[in-house]
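Reader: Before I use a model of a complex, I would like to learn how to read it.
Author: Then let us take it feature by feature.

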Amino acid sequence: MIDSFPYDSWEDVATTFWTFGPEDSTGTYILTVLGIILMVGAIIYWVWLENKKLTAQAELLRGAGGLPPASPTAPGPGFAEPPLAGPSTEPGP
Amino acid sequence: MTSSLASVLSALLAQAPTPEELQEQINLDSLVLLEVFYFFTVVVMWLIHVGFMAYEGGASRRKNLMSTAMKNILTIAVVTPSFYYFGWYIYGCFEHGGPAEGHAGPAEFPGFCGLTAPWSAGMAGNLESSLTGHLSLVFFLAFLLFSWTTASIMSGALIERVRLSAYLILAVVLGSGVWIMDAAWGWSAGGWLTTNYGFHDSIASMVVHGVAGAFTLGVLLNLGPRIGKFDAAGRARTFRPHNTHLTLMGLMLIFTGFYGFYAACLFIQSTVFPGWLNIYLSPTTLGTIAMVITFGFAGGFTGGWIASKGDPFWTLSGGLAGVISVSAGADVYHPSLAYLLSATGGMLAVWSGGYIEKKLRVDDAVGAVAVHGVCGFYGVLLVGIFAGGFPTGVNNVPTSFGGQLIGMLTFFPLAFLPGYIISWLLKKANLLRVPPEVELEGLDMAEFQQDFFPEFERVPEVIVLPDGQEVEAAPILLEEYTRTNGHRAGAPAERSSP
C-alpha cells in the first residue's frame, strides 16, 4: 500500500534535496548562470551559422552566372534548368 | 451478538478520520486536482503550436516550407529558457511598473516575487504542499505556453524572408519580455493597471494577441514585403500557399488548443464556491468561458465568411478573430452577446486585413496584425462598453471605458516600440532579412541544402495579380528583384552602375 511507505521519514530529505544544492545555494546559482550562458551562446551561434549559410548561398547564386529559377521545374534539389536570368556577361539595365 | 456489533462499531470509529484529518485529505485532493488541471491545459495548449506550424507551413510556398516550420519549433528552444530565467521573474516582480528592489529570492521577497527567481524553491522539483510550492511549476508552465503562443503569433507574419535567427531574437524579446511585462501590469490581480484603473482583459485579448500584433507591426515595417508582393503601382499581388489544406487543419488545431488556453487563464479553487476565479481573482466558472469561446468561434466564422464573401482562409481566420474579440470579457459575457460581438470581430479582421495590405502596403503573410493585433485591442475596447462596472482586481475597481483606454494607450507603445527598434537594429546589422537571391531561390536550399518534397515534381510557381489573374511567378519575381535591387538578376550589383 502506498500509504504504508515511510513517507514522513523521507520527507525532510526529499523536500530539501536538489542536485548541487538547495534553493539560494551556490550550486543553484552556478546552474542558473551556466543555463543562461548556453541560452545566449546558442542564439549567437544561430546568428553566426545562419549568416554564414546565407552569405555562401547568395555568393554561389551570384557567381553561378545567374539566379536559379524562382520556380524550379526540375524535380529534386539543385538547378537542373537553366536560370531564368541572363548570364552574368550580359550588360545590366 | 450485541456485544460483537458494538465491538465492530467501536473498532470502526477508532479508525474513522477526525474532521481535521478529513479536511487535510480534502485540501490535498484539491491541490492534486489543481496540479492535474494545469498540467493538462499545458498538454492541450501544445496543439496551438502544432497548429501554428501547420498553418504557416501550408501558407508558405513550397520552397520555404521547412524554414517556416523551424521557426515554430525553435520558438520553444529559445523562449523556454529565456522565460524561465527572466520572464517569470518579470511577471512576479514588475506588477507595480518597475522591478522590486534588491536581490530576488524567497527570503528577501517572501511573496510571489521571490518565488519567481530561477534559484527559488518554487522553480524546481520540491515537495512543498502549497500553491506557492510545487504547484508554482504548473503555473509557470501554463504561462510559458502563453509565451510560446505570443511569439508564434509574430512568426507567421514574417515568413519567407526573415532570417530564422532574427526571428528567434525577436521571439525572445516578445515572448519573454514584452508580453509578460504587460501581463504583470494588466493581467494580474496586483498589476498597477488593474488596481488603479480596473483594467479587465480576462482571457488576454490584448495582453497576448493585441500586444503580439503591435510588436509584429513594428517588425514588419522594417522587414519589408516579400519580393513581388507589390507591383510598381503599390498594388498587392497574392502568393499561392503551397498547401491550403494544411493551413486550414492548422487553424483547426489552434482552435482546439485555445480551449486549453482559455482554461489555463482561470484559477481553480475547488474547496471554495464557485471553484473558479479569473486572472484578477474575481469569481467565474469554466462553463462561462467555454460557452463564450464556442460562440466566439461561431460568430467569428460567420462574420469572416460574410465580410470575405466566402473566402475559406478569411472565414477560418475570422473564427480566431471572433474569439480574440470576446476573450477580454469572456468571464462575464452572455453567449448571445459573445456571438454578436465575435461576428463583428470576424468582419473587422477581414476589413482591417485588407486595409493593412492594400492601403498601408504592409506584407503580413498570414494576417496576424489584423486578426491578433486589431481584434485584440478591439476586444479590450468592447469590455469597456459592454462590461463597464464589473469589479476587477483584488480591490474591486470597476471596469470602465476610460480604464480600458488607458490600458490600450499603455500597451501599444510598450509592444510596438521594442518590435520596431530591435528589428531596426537587426536591419542595420544586415541580420534581419535573407539576401534577395536566397529569397528568390527559396530559403530551404540555403538553410538546409535540400528540397523537402523530393519525390514530387516541381511545377512553376504562380502568383495572383491584383486583377485576379493567375500567372507564372518567375518573370514577375525577377523583374521585381531588378527593380528593388537596382540591377538585373545574375548581374553583379557593381556592373549595373553607370
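Reader: What is the mean pLDDT of chain A, and what does chain B average?
Author: pLDDT is the predictor's confidence in each residue, from 0 to 100. Chain B averages 90, and 93% of its residues score at least 70. Within chain B, residues 492-498 have a pLDDT below 50, and this stretch has 13 contacts in the model beyond near neighbours in sequence. A contact requires the C-beta atoms of two residues, placed from the backbone, to lie within 7 Å. For chain A the mean is 69, with 46% of the residues at 70 or more. Residues 70-93 of chain A stay under 50, and the model has 63 contacts for them beyond four places in sequence. Where pLDDT is low, the predicted coordinates should not be read in detail.

Reader: Which ipTM and pTM does the predictor give the complex?
Author: The ipTM is 0.86 and the pTM is 0.89.

Reader: How do I read two packed helices?
Author: Two packed helices are described by the angle between their axes and the distance between the axes. Helices (H or I, at least four residues) and strands (E, at least two) are DSSP runs, numbered from the N terminus. Axes are lines fitted to C-alpha atoms, for helices over the stretch in contact, and angles run from 0 to 180 degrees between N-to-C directions. In chain B, the axes of α5 (residues 136-157) and α8 (residues 205-223) come within 9 Å and cross at roughly 35°. The crossing is right-handed, the term for a near helix turned clockwise from the far one by less than a right angle (left-handed if anticlockwise).

Reader: Which residues of α5(B) and α8(B) make the contact?
Author: Those of α5(B) include B:F146, B:I153 and B:M154, and those of α8(B) include B:V208, B:F215 and B:L220. The residues of this contact divide into nine nonpolar, five polar and no charged. Here Ala, Val, Leu, Ile, Met, Phe, Trp, Tyr, Cys and Pro count as nonpolar, Asp, Glu, Lys and Arg as charged, and the others, Gly among them, as polar.

Reader: Is helix α1 of chain B largely buried or in the open?
Author: A residue is buried if 20 or more other C-beta atoms, placed from the backbone, lie within 10 Å of its own, exposed if 12 or fewer, and partly exposed in between. Of the 14 residues of α1(B), the number buried is zero, so the helix lies largely in the open. Helix α1 (residues 2-15) of chain B reaches 20 Å from its first C-alpha to its last, close to the 20 Å expected at 1.5 Å a residue; the expected span is 1.5 Å times one less than the number of residues.

Reader: Why does B:G304 count as buried?
Author: B:G304 has 32 C-beta neighbours inside 10 Å, so this residue counts as buried. B:G304 is in helix α10 (residues 286-308) of chain B. Its contacts, leaving aside neighbours within four places in sequence, include B:W314, B:G346 and B:V350. B:G346 is 42 residues away in sequence, but the two C-alpha atoms are 4.5 Å apart.

Reader: Which phi values do B:A204 and B:K309 have?
Author: B:A204 has a positive phi of about 70° although it is not a glycine. B:A204 is in the loop between α7 (192-197) and α8 of chain B, and counts as buried with 29 C-beta neighbours inside 10 Å. B:K309, also not a glycine, has a positive phi of about 55°. B:K309 is in the loop between α10 and α11 (312-327) of chain B, and counts as exposed with 9 C-beta neighbours inside 10 Å.

Reader: Which residues does A:E50 touch?
Author: A:E50 touches B:R163, B:L164 and B:S165, not counting residues up to four places away in sequence. A:E50 is in helix α2 (residues 26-63) of chain A, and counts as buried with 20 C-beta neighbours inside 10 Å. Of the 93 residues of chain A, 18% count as buried.

Terms used: Residues numbered from 1 in each chain as written. Chains lettered and ligands numbered in written order. Predicted model: local features only at pLDDT ≥ 70, side-chain atom pairs only at ≥ 80, totals over all residues.
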